[in-house]
Amino acid sequence: MYRKWHNAARMPPRRKTSSKPRKSRARRKARGWRLGRVFFLLFFWVGLAGALWSTWIGYQVRQQFESLQWALPGRIYARPLELYVGAHLSRQDLLFYLERSGYQAVRGAPRVGQYRDTDAGVELHTRGFRFWDGEEPARALRVGLSGQRVTELHSSAGAVTLARLDPVEIAQINPETGEDRIPLRRDEIPEALVQAIVAVEDQRFYKHYGVDPLGIARALVTNVLRGEISQGGSTLTQQLVKNLYLTRERTLRRKVEEAVMAVALELQFSKDTILTAYINEVFLGQEGSRAIHGFALAAEYYFGRPLSELALPELAMLAGLARGASWYNPLRNPERAMERRNTVLALMHDQGYIEAASYQQAKDAALGVSRGSLATVRNGYPAFLEQVYQDLARDYDRQALRSEGLRIFTTLDLKVQHTLEATLEKSVSAVERSTRGSPAALEAAVVITDASTGEVRGLAGSRKPGYTGFNRALHAIRPIGSLIKPAVYLAALESPNLHLASVLADESVSIKLANGDYWEPENYDKFVEGDVYLFDALQRSLNLATVDLGMKLGVAKVVDMLARLGHDKRVNAYPSLLLGAVEMAPIEVAELYQTLASNGFRSGLRSVEAVTSATGEPLEYYGIRSKQAVDASSLFLLEQAMYGVFDNGTAKSVAGKLGAHLPLVGKTGTTNDLRDSWFAGYGDDLVGVVWLGYDDNRSSGLTGASGALQIWAELMKNLDIQPRQTLPPADIVWEKVPRHAERDATWRDCSTTRNLPFRENTLPDPGWFCEASDSFFERVMDRFQ
Amino acid sequence: MIKPVQTLAVLLLLSIVAGCANLPGRDGPPAPVVDAREAPVPASSRQPGQAPLPELGPQQPEPGPTPLQRAPLPEAGSQPELPVDTPAAALLDEVDAAMEVGDLERAAALSERALRIAPREAVLWHRLAEIRYRQQRYDEALGFAQRAESLAGSNARVLRDSQRLQELSAAAAAR
């Protein structure tokens, strides 16, 4: 100003202003002052406004960043694999679990998350996991296997009694945003990943204050020299601010906002905090409607392994993705991804993070991407998951499941589920061929539960694995036919005057109903058998003998038995109930048979075992329930009778196939016009219910024995079901009875007998048994004397 | 007079500083990532140990020999309840340790884990019954004790203890 003023003074007047030179100079001076004041005021107000705006932005950034809470999807896990000597597990099963859990097969000694399959056994290094009931450490194990059993379990410290693998994640309940991530703490982030990110995205990250003019210049130079856009000018902090708070528009105003916010963030939070937020926030891929955010999830998504287990080249590839997850997508554009990874490695080497040797080695490594088991297995069990959601809905609202990162531990046994899926389609096709060709497909539903605890181990809502439509296991409500008979016979066996050798009349019958109609049931084969033993009538599923028994007993007793076994719905006490005129979904049938399988203790079915918070804090545990529904002796008698279903009853067609697995307990069910084909049964470890039929209720052309039983047998053989071994209760005694049922003691023929169990206090007259009595000839002679 | 360019620069600088002047330093707020992992507990869920769990049955509020202390727990030096070095035995030790410190829900979960491995071990069902009894869940205690009895076979101790626990549970449930 001084110089200007001075110059102006020395300047010759341009115009002769003779009249008022003094006055005009004064006016000019005044005008200068006024202009200065205007400018000053302008600067002042603009500055003040800027200051207020920046304060406001700084305040907002701080508020928002502090309360930053990512909506975390609920995570659903399958049941973890337990390892111990004697465990029911083949080598193939173990390898299957390891692959599903994303363990990497290696040739050398396994590190965490790796395994080696050797002649001596399987060596693996478990990952460790925080379960509801305690922490499972990561450790190196050697598992010896022989046939279907674990024979050895060792760590370097010696024999191990019990170990378990980390559970396989089978689904997520994603937030409404579609964003999915696994947030990490700073100390969980591999250093090599930090170096790779800093090297490629913002090499002066630790030196700048949120914006980095030098970085922009450097990036420009690098890009020009390399002839490609390998580096960007905006800092990690700016990128984080942009991702978190700003829209994608590219305006000057947004650029300024971004810079001010980045500086504000840097002034208030540490570099580590900002870096950690960046690593958890950044978008790294898209799978359908699910957005992959953060490096931890990206590691699982692209490599099927946790971030902590990735090697340098893999980390470098992920770091390279941040620039353009779609452009560098290694699944779709492997070459581009490889090039990008090598650029990252080169920058790491240039900046001194890695030695020449490891640079060379990493550069030559394969991309190693595997849309591994972890990713493909996700949400692959829609039928089972529907049951899980139903169970969870009792205690958790949808929002909590979507956003709070809850960990849900389910009862699903992956081995059972996969055997089920591998068996079902094939065996359904096999029985379908034998029916008259029909355009619509025969459908199926299967429920498999744990025989002792009622935990659902596997579920199929369709013959097609992964089918997301109508879930027949839960919703196909059909008449159950003869599946009801065990309830009828069990109610009978509880009564003091009935036992396995009670003689029933398998004869035509006409029963007058309340509405005046007559009910005239028939046997399936239309024949009548005359007098039959109670056990025989059950094994051969004789309708008329069952009606005889049920009418003597009273239908109300059967209704009561159904309720005790676990059927909570109202059931009408019509006589036709005795032959299964009650509708149930397969899962409801499974509930009844599960009570039988757990020796008369009602457990209910469960698909969720426990729920923990995102950090593993226990929230809810859904324990085993156990309420005695039936006394052990009645049930023992029922089971003894039902073993015969496989030996010489309706299921004898599969006795050969199941040879080594017998004895088993089971029952066929067929409904009118062959609409539904059922089989329900159990061994020592598993309960299985199979339904076959058409969705439109037309005839399947299959009986329980020709349809569902065949599938059940194939499935249970593949699952290596354990034979039923029920200890006889103290009050059980065994007695010989004539082979053929005969009401009149005189005509009983003890030349051929069979051994049957009885409850001591329900024993018929001792003279009734074969051992105590004389020979048939003697008795006949006695009679004539 | 003040130069406008300098003024603008100073004001901008001031404004940025002002934007942060009222705030604490870098080591103030915690990293948001940690916040994000700590999911709030749904209102409907119950933290184990939040509600005071009774150590003993309600009929014995004062310390002293309780039916459970008298009856089922094995004495030191007595023969082990389960074959040693089996997974069920190892878990049973953990169950007992958890019961000792009053962590009954965890004890129950550990019993169940053992039961999945050895579902016919009467001792495990009995232990679950004891846990539920101590939690005053008498109906469940009764059911588990009955199940223990049904599987006890020739194990006279479990037979006796489970029958006694059934009586206690039934009596307590009736009150």
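A:Glu617 and A:Arg130 form a salt bridge, with the closest N and O atoms 3.3 Å apart. A salt bridge is a side-chain nitrogen of Lys or Arg within 4 Å of a carboxyl oxygen of Asp or Glu. A:Glu617 lies in the loop between β26 (608-612) and β27 (618-621) of chain A, and A:Arg130 lies in strand β6 (residues 129-131) of chain A, so the pair ties together parts that are 487 residues apart in sequence. Helices (H or I, at least four residues) and strands (E, at least two) are DSSP runs, numbered from the N terminus. A:Glu617 is partly exposed, at a relative accessible area of 35%. A:Arg130 is also partly exposed, at 31%. Here buried means under 20% relative accessible area, exposed means over 50%, and partly exposed is in between (1.4 Å probe, protein chains only).

The model is predicted: local features need pLDDT of at least 70, side-chain atom pairs count only at pLDDT 80 or more, and totals for chains, interfaces and linings use all residues. Residues are numbered from 1 along each chain as its sequence is written, chains are lettered from A and ligands numbered from 1 in the order in which they are written, and side-chain values use heavy atoms, with hydrogens and water left out.

Over all chains, the salt-bridge count comes to 61. One of these joins A:Arg142 and A:Glu152, with the closest N and O atoms 3.1 Å apart. A:Arg142 sits in strand β8 (residues 140-146) of chain A, and A:Glu152 sits in strand β9 (residues 149-155) of chain A. The two residues are ten residues apart. A:Arg142 is partly exposed at 32% relative accessibility. A:Glu152 is partly exposed at 29%. A further salt bridge links A:Glu266 to A:Lys271, where the closest N and O atoms are 2.9 Å apart. Both A:Glu266 and A:Lys271 are buried.

Aromatic rings were examined next. The count comes to 20 aromatic pairs over all chains. Rings of Phe, Tyr and Trp (its six-membered ring) pair if their centres lie within 6.5 Å; planes under 30 degrees apart count as stacked, over 60 as edge-to-face and the rest as tilted. The ring centres of A:Phe39 and A:Phe43 are 6.1 Å apart and their planes meet at 25°, so this pair is stacked. A:Phe39 and A:Phe43 are four residues apart in helix α2 (residues 21-66) of chain A, a separation of about one helical turn. A:Phe39 is partly exposed at 43% relative accessibility, whereas A:Phe43 is buried at 19%. A:Phe129 and A:Phe131 form a tilted pair, 4.9 Å centre to centre with 55° between the planes. Both A:Phe129 and A:Phe131 are buried.

The rule requires NZ of Lys or CZ of Arg within 6 Å of the ring centre and within 35 degrees of the ring normal. The charged end of A:Arg340 sits over the ring of A:Tyr328, 5.1 Å from its centre. The charged end of A:Arg698 sits over the ring of A:Tyr694, 4.6 Å from its centre.

A:Thr449 belongs to strand β17 (residues 443-450) of chain A. A:Thr449 is buried, with a relative accessible area of 0%. Apart from neighbours within four places in sequence, its contacts (heavy atoms within 4.5 Å) include A:Glu455, A:Arg457, A:Ala590, A:Asp685 and A:Val687.

Chain B has eight helices and zero strands. Of its 175 residues, 45% count as buried. Among contacts in chain B between residues at least 6 apart in sequence, 59% join residues at least 24 apart. Chain B exposes about 8,800 Å², and carbon and sulfur atoms supply 57% of that area. Accessible areas come from the Shrake-Rupley method with a 1.4 Å probe; for residues, only the protein chains shown count as cover.
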